[in-house]
Amino acid sequence: MNTENVVKHLRVLWRTDRIIADIRLRHLLIGLGLRAFAALIAAFGLLMLELSAYFALVQMWSAIGAAAILGAVNFAIAAILFVIAGRPPAGRDIELANEIHGASIEALQLEARTFQAQVSAAVHHPLGTIVPVLVPLIAVLVKTLRRTAKDSAAANPAEARS
């Protein structure tokens, strides 16, 4: 298991999660603004329909038709805005971010499987993992013992001859 790879994959995962959240937040804010505007237009449409009902009671035809048509147009505009606001986020941004997110998750899973295999091998065959560490350690130990033996022989030449 390479810790640099794990850190790299975690950074990519974190960045793509931030990008995905940013894209979704922008989409949510735009949709919320459009829905609020649509609600305002719907309120005006309702006001116009109420105004048309009032005019219907006051006089039967002239202002009634205009207010009713205006109210219906306001409701149609509000419906169109609701449909536009309800669309899923479009574009390659979210698709690309989701692909990178999936790839980083797969890479982290691969690193985890590698680490699990290494731990499993170390548990089942402890000498197999210790030998690669012991061989250089033994070589360093032998070199150190030879060096100390040479140093002590050089310091005491009389003892080395006997």
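Figure 1. R147 is exposed, with a relative accessible area of 53%; exposed here means over 50%, buried means under 20%, and partly exposed is anything in between (1.4 Å probe, protein chains only). You'll find R147 in helix 4, residues 126-155. Helices (H or I, at least four residues) and strands (E, at least two) are DSSP runs, numbered from the N terminus. Together with K143, R146 and K150, R147 forms a positive surface patch. To join a patch, a residue needs over 30% relative accessible area and no salt bridge; like charges are linked within 9 Å, and nonpolar side chains (Val, Leu, Ile, Met, Phe, Trp, Tyr) within 5 Å. Lys and Arg count as positive and Asp and Glu as negative, while His and the chain ends are left out of the count. Each charge is placed at NZ of Lys, CZ of Arg, CG of Asp or CD of Glu.

A word on all the views: this is a predicted model, with local features needing pLDDT of at least 70 and side-chain atom pairs counting only at pLDDT 80 or more, whereas totals for chains, interfaces and linings use all residues. Residues are numbered from 1 along each chain as its sequence is written, and side-chain values use heavy atoms, with hydrogens and water left out.

**Figure 2. The protein chain as a whole.** Five helices and zero strands make up the secondary structure of the protein chain, giving the pattern α-α-α-α-α along the sequence. Of the 162 residues in the protein chain, 16% are buried. The protein chain exposes about 12,300 Å², and carbon and sulfur atoms supply 70% of that; accessible areas come from the Shrake-Rupley method with a 1.4 Å probe, and for residues only the protein chains shown count as cover. Take the contacts (heavy atoms within 4.5 Å) between residues at least 6 apart in sequence: 81% of them join residues at least 24 apart.

**Figure 3. The D22 and R26 salt bridge.** Side chains of opposite charge can pair when their charged atoms come close. Here R26 forms a salt bridge with D22, with the closest N and O atoms 3.3 Å apart. The term covers a side-chain nitrogen of Lys or Arg within 4 Å of a carboxyl oxygen of Asp or Glu. A search of the whole structure turns up one salt bridge. Both R26 and D22 sit in helix 1, four residues apart, or about one turn of the helix. R26 is partly exposed at 45% relative accessible area, and D22 is partly exposed too, at 40%.

Figure 4. L25, L28, L29 and L32 make a nonpolar surface patch of about 410 Å². L29 has its place in helix 1 and is exposed, with a relative accessible area of 52%. L32 lies in helix 1 (residues 3-58) and is exposed as well, at 54%. Follow L32 across to A85: the two are 53 residues apart in sequence, yet 7.4 Å apart in space, C-alpha to C-alpha.

Figure 5. L47 is another residue of helix 1, and it counts as partly exposed at 46% relative accessibility.

**Figure 6. S104, tucked away in helix 3.** S104 lies in helix 3, residues 92-124. S104 is buried, because its relative accessible area is 4%. Leaving out residues up to four places away in sequence, S104 touches H9, V12 and L13.
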